[in-house]
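Open the model in your viewer and keep the sequence panel in view. The stops below go from the whole chain to single side chains.

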Amino acid sequence: MNDTKAEMLTDLPEKQLPGGEKAEKKQKNYGIELLRILSMYMIVILHVIGQGGISSAVPVGSHKYIVSWLMLVLSYCAVNCYAIISGYVSCRSRFRFSKILSLWLLAVFFNTAIWCAARVFFPYMTENISFVSNFMPISGNQYWYFTAYVGVLVFLPGLNALVNNLSKKQMRWMLLGALAIIALLPEIRENDIFYTHQGYSFLWLAMMYLVGAYFRLHFTKKKWLSKPLCLLYYFASALLLAALKFTKEYGMAKNGVENPVYMNHVSYTSIFVIICAVSLFLFFVQIDINRTAAQKIISFFSKSTFGVYIIHTNLIIWLFVLQNRFANFIGVPLPLFPLCILAAAAVIFLSCTLLEKIRELLFKYLFVDKLCSMLDAALDKLYNRFL
């Protein structure tokens with residue numbers, strides 16, 4: 001998800017890699033790291049409104065319904081942003097088995113810790129969740145993003161070879177063609193032709209990875225891509241998406257058609273959501289953060305974002321802690337309604353960050369990360385010796 005634990009995608013210092021290619025010297029973009037933090041916070045907002053029960057409890061057509069959906073469409077691009085960041089920070093990196101292993105250990109650690117705590121204090125929570133399943137976060141597809149992202153990591157050498165050997169023009173036309181076929185055509189036909197599952201798939205994360213790689217390799221500042229205009233594109237696309245949803249719902253209600261909570265065009269593959277993600281990404285990539293204090297704060301939080309995702313979407317937390325937990329927010333006055341949602345998301349984000357920091361310290365003192373690095377070094381020696 002650069003050198004953060006969230007993605008485990010640290011660029012290597014410049015040296016010769018297997019196969020003859022060179023890794024690019026690490027240069028951290030703190031604007032991108034800030035977007036990483038914001039993206040995960042926005043993902044938590046989505047879950048507070050959705051899994052938290054607000055979207056299903058708020059009366060359709062009410063002022064709070066409109067506010068909640070405006071917050072949803074403004075946050076919906078977060079997953080795309082997170083995947084675009086992967087391509088941006090990793091297109092010059094090499095594949096490391098320890099990346100997958102480290103992420104797997106992170107997920108297994110929290111799965112087992114939460115399961116054991118629930119087993120002791122709330123046994124009913126673990127009745128339908130076996131202890132063995134805690135060790136299968138990938139094959140069990142407990143975390144769809146984790147599972148899909150591991151697929152991206154496996155194909156990392158091929159994806160990076162592709163983007164680093166295409167010209168800017170070739171890559172631009174490839175991406176435009178792919179987005180037209182994979183995102184726009186299915187939306188026009190209202191049929192998931194390429195089985196992207198509205199973005200919940202390896203194919204879509206790989207697509208966003210390539211978008212991020214393109215901007216890392218070929219982006220140049222232009223007047224029509226200035227920071228103010230990028231923000232304008234972001235808000236305009238989100239508001240257009242909301243207007244489209246509300247207009248469709250009004251027509252459905254007028255004709256007596258039952259209205260589902262979620263509409264098909266509100267998805268990660270929506271052209272409006274894609275524009276939101278790219279616009280927000282281009283805004284943050286142009287931000288220069290040079291103060292050391294600000295850099296340290298950003299690094300502190302950005303390193304823990306993947307842990308935030310793993311903890312708050314853990315199956316036990318998801319079903320027994322978050323589910324319908326915030327439905328009572330619909331009873332607060334309208335001006336406080338969005339503030340309650342933002343505050344709940346902030347509490348979840350900060351609490352999970354604290355737990356992830358404890359996990360990081362524990363792994364450090366147990367030399368887990370060092371052992372993963374040693375494994376990589378051993379595999380490199382085998383590669384160089386036999387291949």
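Buried here means under 20% relative accessible area and exposed over 50%, with partly exposed in between (1.4 Å probe, protein chains only). This is a predicted model, in which local features need pLDDT of at least 70 and side-chain atom pairs count only at pLDDT 80 or more, while totals for chains, interfaces and linings use all residues. Residues are numbered from 1 along each chain as its sequence is written, and side-chain values use heavy atoms, with hydrogens and water left out.

Start with the cartoon. The protein has 16 helices and zero strands; both are DSSP runs numbered from the N terminus, helices being H or I with at least four residues and strands E with at least two. Of its 387 residues, 50% are buried. The protein exposes about 19000 Å², of which carbon and sulfur atoms supply 67% (Shrake-Rupley method, 1.4 Å probe; for residues, only the protein chains shown count as cover).

Next, select Tyr145 and Phe281. In the largest nonpolar core, which has 111 residues, these two touch the most other members. Such a core is a set of buried Ala, Val, Leu, Ile, Met, Phe, Trp, Tyr and Cys residues joined through side-chain atoms within 4.5 Å. Helix H1 (residues 30-49) gives the core its largest share, 13 residues. Around Phe281, leaving aside neighbours within four places in sequence, show the residues in contact (heavy atoms within 4.5 Å): Ile32, Leu35, Ile84, Ile85, Tyr88 and Phe215.

Now turn to the surface and select Val120, Phe121, Phe122, Tyr124, Leu315, Leu319, Phe320 and Val321, a nonpolar patch with about 760 Å² of accessible area together. Patch residues have over 30% relative accessible area and no salt bridge; like charges are joined within 9 Å, nonpolar side chains (Val, Leu, Ile, Met, Phe, Trp, Tyr) within 5 Å. H14 supplies four residues, the largest share. Val120, in helix H5, is exposed at 62% relative accessibility.

The structure holds zero disulfides.

Finish with the salt bridges (a side-chain nitrogen of Lys or Arg within 4 Å of a carboxyl oxygen of Asp or Glu), of which there are four.

- Glu249 and Lys245: 2.4 Å between the closest N and O atoms, four residues apart in helix H10 (residues 227-254).
- Arg359 and Glu356: 2.5 Å, N to O; both are buried.
- Lys357 and Glu360: 3.5 Å, N to O, three residues apart in helix H15; both are buried.

Conventions: Disulfide = S-S within 2.5 Å.
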